Amino acid sequence: MTNPIYIDQKEILKRYKQPGKHTHKGIQGHALIIGGSYGKIGAVSLSSKACLKTGCGLVTVFIPKCGYTILQTAIPEVMVLTDIQEEIISNITFEITPQAIGIGPGLGQAVETQNALYQFLKTNRIPLVIDADALNIISKNKKLLDLLQPKTVITPHPKELERLIGKWDSEKEKMSKAVSFSKQYQIIIVMKGAPTRIIDGETVYQNTTGNAALATAGTGDVLTGMITSLLAQSYESISAAILGVYLHGLTANIAVPEIGYQSFIASDVIANIGKAFLSLES
């Protein structure tokens, strides 16, 4: 294994693009977040709000009908498309042309949803971030991996990663399996953890921001929204993953001195994205 490249401010500033003075929402990218099921609409709320707060010009969500009022009330800036089903996603169809799609937060694993994901992956050519239940569905049916476009970003936590690449006995074996998996399917793996690592074939990046406060419900949904937002703003997949992970960790570094570890929740990541960006511009 080669030594990792550390994701620090120097590495970030090589990749970070400041928005132009004359930009407008039409050129800041349109992102689509697909997810949600009855009782898990909050995941899409977190993801889509994080997507907007990371600089995307327009964000649309595709959710089951039961989430319509929730989303329109909780985040008025987000546009909402709904499935024909009330409680689950059964058929992913949309007329819009987003620049990037994030799929998986709160999705659930209903049989109809599994089929909908398969039909979607068969035809999708738009840059993609895959998380949560979308990864769990794929790990049940590994043939779906062959449908992924090169440079698709996946964001598994350790258990989701294990379902995809199999068990490991040591950190070394985990890394070697992840590198092989990334090369085999030409995908970028954001291995969430302490520290978070990003695998792009043989190249491994290791994040330097973040702390234990991030070990709380919903922070992964937020990260998915952030990376999808950057993809929609025409960052390359690897840069979107690196920048998203760095900023996500930085929000915890900024917030913890003020609010402590115990009371930090996923919404606090979103609340501090602006300050994280400002630290890049100072």
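Is Asp200 buried or exposed? This is a predicted model, and in it Asp200 has a relative accessibility of 17%. The cut-off for buried is under 20%, so Asp200 counts as buried.

Asp200 belongs to strand E9, which covers residues 197-200. Setting aside neighbours within four places in sequence, Asp200 is in contact with Lys151, Ser182, Ile188 and Ile238.

**Aromatic rings**

There are two aromatic pairs in the structure. One of them joins Tyr16 and Phe277. Their ring centres are 6.0 Å apart and their planes stand at 40°, so this pair is tilted. Tyr16 sits in the loop between helix H1 (9-15) and strand E2 (30-34). Phe277 sits in helix H11 (residues 273-281). The pair therefore ties together parts that are 261 residues apart in sequence. Tyr16 is buried, and Phe277 is buried too.

| Residue | Relative accessible area |
|---|---|
| Tyr16 | 12% |
| Phe277 | 14% |
| Asp200 | 17% |

**Helix H6**

Helix H6 runs over residues 158-165. Its buried residues are Glu160, Leu161, Glu162, Leu164 and Ile165. In an α-helix, residues three or four places apart point the same way, because each turn takes 3.6 residues.

What covers the buried residues of H6? The cover includes helix H5 (132-140) and strand E7 (153-154). Helix H7 (171-185) and strand E8 (188-191) are also among the covering elements. Just after H6 comes Gly166, with a positive phi of about 95°.

Terms used. Residues are numbered from 1 along each chain as its sequence is written. This is a predicted model: local features need pLDDT of at least 70, side-chain atom pairs count only at pLDDT 80 or more; totals for chains, interfaces and linings use all residues. Side-chain values use heavy atoms; hydrogens and water are left out. Rings of Phe, Tyr and Trp (its six-membered ring) pair if their centres lie within 6.5 Å; planes under 30 degrees apart count as stacked, over 60 as edge-to-face and the rest as tilted. Helices (H or I, at least four residues) and strands (E, at least two) are DSSP runs, numbered from the N terminus. Buried means under 20% relative accessible area, exposed over 50%, partly exposed in between (1.4 Å probe, protein chains only). Contact means heavy atoms within 4.5 Å.
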